[in-house]
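Q: Can we go over the salt bridges in this one? Start with what counts as one.

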Amino acid sequence: MKKYKKQVLIDGMMCNHCASKVKEKLLENSDILKVKVDLKKKCAILYSTKEISEKVIIDKIQELDYKVLKVEDL
């Protein structure tokens, strides 16, 4: 099974609580297997079983009032 990996650069995360909110929100999508949030780099790396559209990722994060600066495949 092919796995997909994306990095999402996020503006506005300040603390572990912010990181947890982002992780939980992204994991609401059943195709996302794992999320690692790095506060220093201001990014989240997500692993999924299928391609997740940029729009889906951006919409989820914007629901939390954070700004997505960039989404890129790894």
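A: A salt bridge here is a side-chain nitrogen of Lys or Arg within 4 Å of a carboxyl oxygen of Asp or Glu. This is a predicted model, where local features need pLDDT of at least 70, side-chain atom pairs count only at pLDDT 80 or more, and totals for chains, interfaces and linings use all residues. Residues are numbered from 1 along each chain as its sequence is written, and side-chain values use heavy atoms, with hydrogens and water left out.

Q: How many salt bridges does that rule give?

A: The count is eight.

Q: Which residue does Lys6 pair with?

A: Asp73, with the closest N and O atoms 2.6 Å apart. The pair links distant parts of the chain, 67 residues apart: Lys6 is in strand β1 (residues 4-11) and Asp73 in strand β4 (residues 67-73). Strands (E, at least two residues) and helices (H or I, at least four) are DSSP runs, numbered from the N terminus.

Q: Is Lys6 buried or exposed?

A: Lys6 is buried, at 8% relative accessibility, whereas Asp73 is exposed at 55%. Buried means under 20% relative accessible area, exposed over 50%, partly exposed in between (1.4 Å probe, protein chains only).

Q: Which residues are linked in a network?

A: Salt bridges link Lys25, Glu28, Lys60 and Glu63.
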